[in-house]
Every structure is written in structure tokens, then in C-alpha cells.
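Please look over the sequence and the structure below before reading on. The text then takes up a few places in turn.

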Amino acid sequence: MRITGHTLGTPHCNVPEALELFRSIGLDGAEVIYQNDYRSGLPVGDLAAVKSARQTADQLDLPILGLTPYTTAHNSLNNQEWTAAVDELRGAIEAAELLGAKVIRIYAGSWHPGDEDFEGHWAQLTKALSVLASEAADAGATLCVENHFGTMTQTAAATARLVREVGHEAVRVLYDQANLTFTHDEDFEQAFQVQGDLISHVHVKDLVFTDPDAPFRAAETARVQASERAVKSRVVGEGSLPWTDIVGELAKRGYDGLLSLEYEYRWHPQDLPEPREGLARSLEHLKTLINKQTEAQR
């Protein structure tokens, strides 16, 4: 398992600065946001910025291994919106190939309480991923659908269903136990039971509940607004997530992919130490867990 930094955690850095920070604290690589108007991301369709980021990564010997677009309209019933979203994801696949990134985070469209015609939107989503899967494979990348609120795969069970219905080796699961925990969905044992054989990417973050009985709510897909939150973000290993057990289960299953530190400093800086400190502490905790697993297997 390799531990990467995610540029969600570096909102005050441009991409080269984020890569330098990740390299300086000993991370194995980077997952970079692909979105307009974010300082620590690559603008959509800007191949010059993509090539420049690749050059910086090569100079630092810190590979960009993951790309994170924020596209959501690929489950739209409006054909023009659907086509634009699929084209945007095609651009992400092209960018990933130029970067050498092997995994692309995918939202399962957009879905919120009160939305209608689930099966219709689901059909559009599966069609989009089916169209894009072979293109991703040709680019040497895997489309990893995240367990994420505000999408059609909030739960591990829904994510597994989607990936199995698409049925292509280039469409897999991005496992995020923190997301499943604060939405009150599957615990880690349940999550592995339903999707463990499909995981090709893992996001790592930690949290504590401020009100464990509060129902989950979020008006947006990308983040939970402050007024909606019933949790606080924490450095990995300093919250309530059972990362010892999760890393142990991943190791037992032979997972050799990325553990991406999705340090939520972009959204919740009030909860966390500054990125250099918090990422370094998170990295040290994960390295300790991985080393224990390696020793146990000898």
C-alpha cells in the first residue's frame, strides 16, 4: 500500500507547492483535484496545466497517482447535460493519462432527498460509466466510484451494485469509511462484506461525532455545510474510525493500492492543524499500522 496526499488538504497551495509539501513530509505520491476555480486543483480541460504538473511531479520524483473530478451530471435525464458531463469525464481520463494517474475518483452522479425517478437516473449513470470504461482502460486508468453522500452511491451496497452492473474491470469502488460512518450507513465490517472484492482505491480521513444521534443531512454533493454537520474532522488516528482494523482487513485481502489522505482542510480548517503538521501526523499513524501488518505477516 502506498500513502498519497490529496490536494483537498492544501487549499492555500497551488499544485506544484502541494506536490513539494507532499514530497517534503515523505508521502509516496499525490491525488490531485480536477476542478475549476480551486487553487490546489487542475482546471478542467487545461492540458497545459496538466503537462506542467506532470513535469513538476517528475522533477520531484513524486508521482501523481490519482485524479479527482467533481462532475455530477452524468446521471442527468437531459441529454445535453449528460453529454457535457461525459465529455468532461473524457477530459479527466485524458488528463490522467498525461499525468500517469492510475485512479480517477468518480461521483455516482447527483442524488438528494426529494429527487425523482431513481431508476431513470441510474440507467443514465450506468450508461455513462459503460461508455467511459473502455476509454479509461485504454488510458491505463481505473474509474473508482466513491461511497459518497449526495450521489446515487451513498452506501457501500449501492456502490457495489453499480460496479457489478457496469461489469467492467476499469470501473471499481473507491472505499471511504468516514463517509459511510457519518451518514450512518455501513460499518467497516459490513462495507467489506458487500464491496470488499471491488475496492481499487481508498480515501483516508478521521472524525468524531458531536451528536451521534443527529440524522445526516447535506444539501450539496461535495461537502457538508457547517450548519448541517454532526461531526468534526480529525487527524487520522485521533478520531473514532477503526483504522487499525480497516488497514488490517485491506492487508488480509491483499490490497496493494493507494491510501489517499483526504485531509479536509479545504472544507473544515477550523477542526484541523495546518496541513503540514496534520498530514505528517496522519502519515506517521498509517505507516505504523502498515508496518505492524507487514511484521504480523512474516
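This is a predicted model: local features need pLDDT of at least 70, side-chain atom pairs count only at pLDDT 80 or more; totals for chains, interfaces and linings use all residues.

Residues are numbered from 1 along each chain as its sequence is written, and side-chain values use heavy atoms, with hydrogens and water left out.

Start at helix H5, which spans residues 156-166. Helices (H or I, at least four residues) and strands (E, at least two) are DSSP runs, numbered from the N terminus. The buried residues of H5 are Ala156, Ala158, Thr159, Ala160, Leu162, Val163 and Val166. Here buried means under 20% relative accessible area, exposed over 50%, and partly exposed in between (1.4 Å probe, protein chains only). These buried residues of H5 pack against helices H4 (118-138), H6 (177-182) and H7 (188-195), and against strands E6 (142-146) and E7 (171-175); contact means heavy atoms within 4.5 Å. Just after H5 comes Gly167, with a positive phi of about 65°.

Next, the aromatic rings. A search of the whole structure finds nine aromatic pairs. Rings of Phe, Tyr and Trp (its six-membered ring) pair if their centres lie within 6.5 Å; planes under 30 degrees apart count as stacked, over 60 as edge-to-face and the rest as tilted. One of the pairs joins Trp111 and Phe118 edge-to-face, at 5.2 Å centre to centre and 85° between the planes. Phe118 also pairs with Trp122, and this pair is stacked, with 5.5 Å centre to centre and 25° between the planes. Phe118 and Trp122 are separated by about one helical turn, because they are four residues apart in helix H4. An α-helix has 3.6 residues a turn, so residues three or four places apart point the same way. Within it, Trp111 is buried at 17% relative accessible area, Trp122 is buried at 3%, and Phe118 is partly exposed at 26%.

Arg161 lies over the face of Trp122, 4.2 Å from the ring centre. A charge sits over a ring if NZ of Lys or CZ of Arg is within 6 Å of the ring centre and within 35 degrees of the ring normal. Arg266 lies over the face of Tyr70 in this way, at 5.8 Å from the ring centre.

Last, two loops. Asp117, in the loop between strand E5 (103-106) and H4, has a positive phi near 65° and is partly exposed, at 45%. Asp37 has a positive phi near 60°; Asp37 lies in the loop between strands E2 (29-34) and E3 (41-42) and is exposed, at 81%.
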